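Colleague: I have the model open and would like a short tour. Can we start with a helix contact?

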Amino acid sequence: MGVSRAKWQLFKRFALYVTIVVAIIIVCFPLIYALVMSTRDLQGTFRYPPDLMPGNSILSTYSQAWNTVNLGRLMLNSGIVAVTTSIVKITLAMLAAFAIVFFDFKWKNIAFGATFLTQLLPVPVKIVPTFELMKTFGWVDSYYALTFPYFATATGTFLFRQFFMSVPEDLVDAARVDGCRPMKFLKDILIPLSWNNIGALFLVEFVYMWNRYLWPLVVTESESMRVSQIGIKMLMTTGSINKWNIIMAGAIIVLLPPLVVLLFLQKTFIEGFVMRTGK
Amino acid sequence: MKSYFPEKILPYLLVAPSIIIIIVFLVYPFGQAIWGSLLRGGVWGATTRFVGIRNYVELFTSPDYLWTLGRTFVFATFATLGGMAFSLGLAVLLNQKIKGRIFFRTAVIWPYALSPVIAGVLWALLFDPSSGLFTYLANVLFGMELNWRTNGTLAFVIITVAAAWKNIGYNVVFFLAGLQNVPQQVLESAEVDGASSFQRFWRISIPLISPTIFFLLIMNYLYAFFRTFGLVDVATQGGPGKSTEILTYKLYQDAFVFFDGGSANAQSVLLFVFIVGFTYLQFRYAQRGVFYGG
């Protein structure tokens, strides 16, 4: 009995690993297929029956994807927009949460409630008037239009508020007794304690902004102000047939920046964001 | 008693930037959307006419809009339930005592970094009517001819699967966090009492992670409703016919292709009503769960 039980346990372990590997292959398969496609010449994308053999045109497909839609410029735009917006959002959220947690003022509940409007009012809910507003400001086709409407954040304010409320009372009292000014307290004590939250939020906001498509499509006109997601659409629509090798090369290039940010900040993201918002 | 800093003016200055952004770029345009939804021909044309609720009446009497509304709900429901079920399964697997857990976790949550646009092109490639791998497999295994450019149902299935697949990373991360909060002692004592692993999962883990399940349910619906425009726009452009036209796609078309500002604004306001509905459900039923932590 003992032997067969041990064998059964071993079999269960084995089955578990096999299941996990199969599940992971299912999740990763579309990307693997895209990688394979991106290495072939155009002829190779029509191969029938389809297979998973890589081709040897990798340099030419990636450089074509890069050059046909001026992907360098589009990536730069996406980068500027995503980094700027992430930094501004984190800053504004931190300042607002700081006021809400560490000060007593009349409008604090209203101010906290107002940040939740950002959840309730995403782009599609006000798209025509926001576009009109950009025209009034003369901001159409500019970085201002791509960034400003996103600067306020409920998620960030909520996250910092949660975190600040968990800061020990003693620390605050001690700081006050020592005559520590509020902004110095924020800079010297709270920010150094908040790096996990800041990192997690940076990931969330960077990925979110990098992947915007609808608003940039509406509010930019010139090729030089387009963002990388629109570049993929442009690759899809150039020519009479889909050049899948080049489209996939473009998609992989555009996926890389948020993927790298995710890989670096994964642990922080889980500890500083997921554990705090989703429980 | 909580102690506060004594400054009186400073807190207002600290919240001012957020509040100004919210008023100028969110509240004001939304007010304009409500007002614009009561007008005809005004937003883009020369003469503005007040038409009361006529834009809304026209939407709700137009089969086109009602179909799009229904289609979006079906799309969101399948994408949400399918994606969440698969993700929960994955999370349970990854929550076992296994070697290389961090590696496996990364291999599963990476789609979090993926945009709906990229998800759209990857699945459009897999189902390409002439050379797609899945088109080929369906033909060889089941003798089916798959062409989503003519088959609306297939196109709808593809965008649903792509949308669900893209959100796996997000779902797994939150499910894993939820499962890790299930107390180990409870599970172990149930095991001692003879509960099978299936029973332990259904009777202990699922009830304990129900706040996570509810949170993700709402987040997935919101995602499927509001963040899938790019996926549809690159993969199917709403077609063939209107078989993949979802609410945001119709809104974009009416606003920026057909320049029907009044109707577009009315559609925007209706989208807001849906968001309020989802958010209400979240606060009403998930309040205890979703916001207790931290």
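Modeller: In α3(B), the residues B:G83, B:M84, B:F86, B:S87, B:L88, B:L90, B:A91, B:V92 and B:L94 meet B:I168, B:N171, B:V172, B:F175, B:L176 and B:L179 of α8(B). Two residues are in contact if their C-beta atoms, placed from the backbone, lie within 7 Å. Helices (H or I, at least four residues) and strands (E, at least two) are DSSP runs, numbered from the N terminus.

Colleague: How do the residues of that contact of α3(B) with α8(B) divide by class?

Modeller: They divide into twelve nonpolar, three polar and no charged. Ala, Val, Leu, Ile, Met, Phe, Trp, Tyr, Cys and Pro count as nonpolar, Asp, Glu, Lys and Arg as charged, and the others, Gly among them, as polar.

Colleague: Before we go on, what kind of model is this, and how is it numbered?

Modeller: It is a predicted model: local features need pLDDT of at least 70, side-chain atom pairs count only at pLDDT 80 or more, and totals for chains, interfaces and linings use all residues. Residues are numbered from 1 along each chain as its sequence is written, while chains are lettered from A and ligands numbered from 1 in the order in which they are written.

Colleague: Back to the pair. At what angle do α3 and α8 of chain B pack?

Modeller: Helix α3 (residues 63-94) and helix α8 (residues 168-180) of chain B pack at about 50°, with their axes 8 Å apart. That makes α3(B) oblique to α8(B). Axes are lines fitted to C-alpha atoms, for helices over the stretch in contact, and angles run from 0 to 180 degrees between N-to-C directions. Angles under 35 degrees count as roughly parallel, over 145 as roughly antiparallel, 65 to 115 as roughly perpendicular and the rest as oblique.

Colleague: And in chain A, how do α9 and α12 cross?

Modeller: The axes of α9 (residues 154-165) and α12 (residues 195-210) of chain A come within 11 Å and cross at roughly 165°. α9(A) and α12(A) are therefore roughly antiparallel to each other. On the α9(A) side the contact is made by A:T155, A:G156, A:L159, A:F160 and A:F163, and on the α12(A) side by A:N197, A:L201 and A:V204.

Colleague: What about the contact between the two chains, how many residues does each give?

Modeller: Chain A gives 80 residues and chain B gives 79. Helix α15 (residues 244-277) of chain A supplies the largest share of the chain A side, 15 residues. That side has 60 nonpolar, twelve polar and eight charged residues.

Colleague: Which helices and strands does chain B have, in numbers, and how much of the chain is buried?

Modeller: Chain B has 14 helices and two strands. Of its 294 residues, 45% are buried. A residue is buried if 20 or more other C-beta atoms lie within 10 Å of its own, exposed if 12 or fewer, and partly exposed in between.

Colleague: Where is B:F259 found?

Modeller: B:F259 is in the loop between α13 and α14 of chain B. With 13 C-beta neighbours inside 10 Å, B:F259 counts as partly exposed.
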